Amino acid sequence: MKHMENISAMLRGGSPDEYQRLDPASERDAVRAPGEQPWEMIMDKKHFKLWRRPIEGTHLYQYRVFGTYTDVTPRQFFNVQLDTEYRKKWDSLVIKLDVIERDLATGSEVIHWVTHFPYPMYSRDYVYVRRYSVDKENNLMVLVSRAVEHPSVPEDPEYVRVRTYESQMVIRPHKTFDENGFDYLLTYSDNPQTVFPRYCVSWMVSSGMPDFLEKLHTAALKAKKMEIEVRDYMAAKPLESGGEGKAGVPAAEHKSEGSCSPAQLEYA
């Protein structure tokens with residue numbers, strides 16, 4: 001109980017005002033923020049733009065994506081990202097995706113995620129807490145994830161544990177949560193514990209981003225067409241009880257490394 005309270009406190013108090021607003025002006029602002037390293041645009045596609053900037057004192061980059069979709073609703077896009085059972089079906093790189101612990105009062109969840117990495121690298125595993133909120137007044141949806149330690153998930157010698165990981169997704173509907181069209185801003189960083197130089201890791205990330213976004217978009221379209229049932233996280237209300245509970249999902253069958261290409265890196 002105490003462990004989950006400590007984790008929830010890490011993400012508590014994050015209001016939409018703490019995130020960059022999604023409008024044409026903020027898209028330009030995404031290139032540079034006061035007192036920070038400049039953002040460098042490395043990809044400009046039809047549906048999204050990708051920037052990166054060095055993380056000071058490391059060999060790593062932080063990445064930012066600004067994108068727009070007009071053929072799915074914000075609710076569908078939001079739910080598809082949160083539904084761990086559905087992700088096992090549309091993301092072939094998932095080896096394991098378990099909810100380790102859930103705070104029933106706040107909706108915060110601790111997730112254990114194991115994913116294939118491009119050959120010849122070992123698969124990586126992440127233990128992270130995620131929390132989401134829907135701000136109906138400001139017409140925003142926010143999803144925040146951050147790596148944590150959890151006693152129920154010790155390191156497995158079969159995988160490389162990623163201990164530095166942060167992801168923030170902000171979604172703003174063009175109209176309402178249930179009408180097609182929205183903008184999103186994704187800010188992401190992690191340390192995959194590779195021995196490759198920064199430019200190699202950056203190339204793998206920038207190559208894998210379009211592939212992941214396309215898979216996510218396709219999964220949202222299938223959910224829209226009701227080809228598969230997806231949990232509605234907007235409709236789910238936290239229980240009135242202040243207690244916490246644990247919930248797990250069956251582990252996915254371990255898949256062989258195969259010949260994963262650099263374009264198959266994951267971001268979640």
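The side chains of Glu101 and His150 are joined by a polar contact of 2.5 Å (a pair of N or O atoms within 3.5 Å; within protein, one must be able to donate a hydrogen and the other to accept it, and residues adjacent in sequence count only if both atoms are side-chain atoms). This is a predicted model, where local features need pLDDT of at least 70, side-chain atom pairs count only at pLDDT 80 or more, and totals for chains, interfaces and linings use all residues. Residues are numbered from 1 along each chain as its sequence is written, and side-chain values use heavy atoms, with hydrogens and water left out.

Glu101 sits in strand E4, residues 94-102 (helices, H or I, of at least four residues and strands, E, of at least two are DSSP runs numbered from the N terminus).

| Residue | Relative accessible area | State |
|---|---|---|
| Glu101 | 3% | buried |
| Val148 | 11% | buried |

Val148 belongs to the loop between strand E7 (140-147) and strand E8 (160-162). Its C-alpha atom is 5.1 Å from that of Tyr128, though the two are 20 residues apart along the chain.

Then there's helix H3 (residues 74-82), mostly covered, with eight of its nine residues buried. Among them are Pro74, Phe77, Phe78 and Leu82.

Zooming out, the chain has five helices and 10 strands, and 50% of its 268 residues count as buried.

Note on methods:
Buried < 20%, exposed > 50% of the residue type's maximum accessible area, 1.4 Å probe, protein only.
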